[in-house]
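Hi,

Here is the structure I promised to pass on.

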Amino acid sequence: MPELPEVETIVRDLQSRLVGRVIQSVAVVLPKVVAAPAASQFCRLLQGREITHLRRRGKYILMDLAGDWTLVFHLRLTGQLVYSATAEPFPKHTHLVFYLDQGVLRFTDLRQFGRVRLVPSREIDQVPGLRELGVEPLGPEFNEKEFCRRLKASRRMIKPLLLDQAFLAGLGNIYTDEALHRAGIHPERPAATLKAQEARALYRSIREVLREGIDFRGTSVQHYLDGAGQPGRFQEILRVYRRQGLPCPACGTAVARIRCGGRGTYYCPSCQPRR
Ligand SMILES: [Zn+2]
């Protein structure tokens, strides 16, 4: 699933290509990907609207349109939002096509879990999913002291807590495993047992892996492509994620895989002891 760095990369790519473009028409190939309103109304409301701005919140892409409407995209597992300058033959699994005054924007999704919703911009905060989101880990409101206090107050294991979008917006399986490795913390540690020094290390490593993820334009281990249809490069420097049995780059111990909170989880048994 695209996480914060992948979604941020897509938003930046599309920002430069889409702002100022006008949606001339929309083709809904698979109606269920439009969460609201009904497909016919969705198309009618979008026709003739200029795209004014793109932004990200958690793993959501927000596309602001003239007249105070916003398109909210959630790519979920395998969704892709790709701009192309020409109306080239569409790839398989194209569910939605936005025909612009210059070029086209396609929404494709192999697994069909991704959704788009058109909402009045002032109602963004009420959209299910967006409504519950916690702080942005790269934003100014993500504060080290407050983070440490909330870890202490939690009764949950650290990895599922970090994956909870209401706790922190934008982390998924890849960057959580990488952040915990860099901080030397076992994914099953109860959050409240982290020492102050460990909590601070985790705070720093979360921001570090997310920033590097953006610098490397995201991780392409499965389906992720950027806004221009190109893969990212963060998979080249992954330390534990999907590296089961391979040597930990820090100490040489074989990376292990466990289930943690129902998710496949990768960690180094030496660098991240259970204690
Ligand atoms: Zn190690």
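The C-alpha centres of domain 1 and domain 2 lie 27 Å apart. The protein chain is divided into these two parts, domain 1 covering 4-126 and domain 2 covering 144-237, with bounds that come from an automatic or database domain assignment. Their contact takes 19 residues from domain 1 and 20 residues from domain 2; two residues are in contact if their C-beta atoms, placed from the backbone, lie within 7 Å. On the side of domain 1 that touches domain 2, helix 1 (4-18) and strand 6 (79-84) each supply at least two residues. The largest share of that side, nine residues, comes from helix 1. Helices (H or I, at least four residues) and strands (E, at least two) are DSSP runs, numbered from the N terminus.

Before you go further, keep in mind that this is a predicted model: local features need pLDDT of at least 70, side-chain atom pairs count only at pLDDT 80 or more, and totals for chains, interfaces and linings use all residues. Residues are numbered from 1 along each chain as its sequence is written.

Now for the inside. The largest nonpolar core has 64 residues, and Ile-61, Phe-73, Leu-81, Val-116, Leu-202 and Val-240 touch the most other members. This core draws at least three residues from each of domain 1 and domain 2. A nonpolar core here is a set of buried Ala, Val, Leu, Ile, Met, Phe, Trp, Tyr and Cys residues joined through C-beta atoms within 7 Å. A residue is buried if 20 or more other C-beta atoms lie within 10 Å of its own, exposed if 12 or fewer, and partly exposed in between, with C-beta atoms placed from the backbone. If you click on Ile-61 and leave aside its neighbours within four places in sequence, you'll find contacts with Val-7, Ile-10, Val-11, Leu-54, Arg-56, Phe-73 and Leu-81.

Next, the helices. Helix 1 and helix 6 pack at an angle of about 40 degrees, with their axes 8 Å apart. Axes are lines fitted to C-alpha atoms, for helices over the stretch in contact, and angles run from 0 to 180 degrees between N-to-C directions. Helix 1 and helix 6 are therefore oblique to each other (under 35 degrees is roughly parallel, over 145 roughly antiparallel, 65 to 115 roughly perpendicular, and the rest oblique). Where they meet, Leu-4, Pro-5, Glu-8 and Thr-9 come from helix 1, and Leu-210, Gly-213 and Ile-214 from helix 6.

Helix 6 (residues 196-215) also packs with helix 3 (residues 144-153), at about 120 degrees and with axes 10 Å apart. That pair is oblique too. Glu-144, Phe-147, Cys-148 and Leu-151 of helix 3 meet Ala-196, Ala-199, Arg-200 and Tyr-203 of helix 6.

Helix 5 (residues 173-183) is mostly covered, with 10 of its 11 residues buried. Those buried residues pack against helix 1, helix 4 (158-163), helix 6 and strand 11 (263-267). After helix 5 comes Gly-184, with a positive phi near 70 degrees.

Finally, some loops. Pro-31 sits between strand 1 (23-28) and strand 2 (34-36), and counts as exposed because it has 12 C-beta neighbours inside 10 Å. The peptide bond from Ala-36 to Pro-37 is cis, with omega near -10 degrees. Pro-37 belongs to the loop between strand 2 and helix 2 (39-46).

Cheers
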